[in-house]
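Please look through the structure shown below, and keep it in view while reading the briefing that follows.

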Amino acid sequence: MNSGPVPQPADLDVVRDSYDRVADNYVDMVATTGVGDIRTHPWLRAAMDVFADAVGGLGPVLDIGCGPGTVTAYLAERGVDVAGVDLSPRMIEHARRLHPECTFSVGSSTDLDLAEASWGGLLGWWSLFNLPRHVLPRVLSSFARALVPEGQLIIATHVGDGDLLRTEAYGGVPVRWTTYRWQPVQLAALVEQAGLRPTAELRLPADEHSGPTVVLVAQRER
């Protein structure tokens, strides 16, 4: 595992501001179309159900990049001791309003104080693709250190080659962020290098809402 502090992305403030701007439209999209809600996607819901079962009894779970708390709340309904954190203060405002039964805070995946061997599970559910390629390995290493033995990590992200610069999103709102796409084998290699053992992989083709996707599950060995 890499040690030392995680480097901060140069565009962190720009990305935060972009997600603040799209938060209202994103929440409306989830409510009106179901896009972004795993309850509407049987394969994603099944993956999250397996994750919920796997973390049972291991310790608390943190949904990193939780957005408006949709997945956080789903896990809480399944009896998981879960909290959410997100870079965008506006997203967290929505999460607290929509899911007052859960605990949410503002923070970046690159600047979390995750004590070693303190978390039963961590999620990077479509929340790590804005991390530059030199930053993601360090973040994954911090996740690996934070997990208890047999602790679970689940990641969902965009599959592909190269980087995409987004200038608008969710109804034409002006944004500026980069989507860093990975091939599944590349992502699995990064997870292994961080000190975790991949245990499951789900690949989904592109659909009318998103390009091809990979869901990767890994665990910390004893």
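Two strands are said to pair if DSSP finds at least two bridges between them, and helices (H or I, at least four residues) and strands (E, at least two) are DSSP runs, numbered from the N terminus. With these terms, the model holds an open sheet of seven strands in the order S3-S2-S1-S4-S5-S9-S8, with mixed pairing. The model is a predicted one, in which local features need pLDDT of at least 70 and side-chain atom pairs count only at pLDDT 80 or more, while totals for chains, interfaces and linings use all residues. Residues are numbered from 1 along each chain as its sequence is written, and side-chain values use heavy atoms, with hydrogens and water left out.

**The sheet**

- The edge strands of the sheet are S3 and S8, each of which pairs on one side only.
- Neighbouring strands are turned by 15 degrees against each other on average, direction ignored, where axes are lines fitted to C-alpha atoms (for helices over the stretch in contact) and angles run from 0 to 180 degrees between N-to-C directions.
- S2 and S3 run parallel and are joined by four bridges, and glycine 84 stands opposite phenylalanine 104 in S3.

**A hairpin**

- Strand S6 (residues 163-169) and S7 run antiparallel and are joined by six bridges, with arginine 166 having tryptophan 177 in S7 as its bridge partner.
- Three residues lie between the strands of this hairpin, in which tyrosine 170 takes a positive phi near 50 degrees.
- Strand S7 (residues 173-180) has six of its eight residues buried, where buried means under 20% relative accessible area, exposed over 50% and partly exposed in between (1.4 Å probe, protein chains only).

- Nine of the eleven residues of H5 are buried, among them Leu136, Val139, Leu140 and Phe143.
- H5 lies across S1, S4, S5, S8 and S9, running at about 150 degrees to S5, whereas H6 lies across S5, S8 and S9, running at about 160 degrees to S8.
- Leaving aside neighbours within four places in sequence, leucine 153 is in contact (heavy atoms within 4.5 Å) with residues including Phe51, Leu122, Leu140 and Phe143.
- The axes of helix H1 (residues 12-33) and helix H4 (residues 89-98) come within 7 Å and cross at roughly 35 degrees.

- Glutamate 150, placed in strand S5, has a positive phi near 70 degrees and counts as partly exposed at 30% relative accessibility.

**From the record**

- UniProt lists residues 61-151 for "domain: Methyltransferase" in an unreviewed entry; its positions are given in the numbering used here, feature names are shortened, and annotations may be inferred rather than shown by experiment.
- Over residues 61-151 the chain is 32% helix and 27% strand, and the end C-alpha atoms are 9 Å apart.
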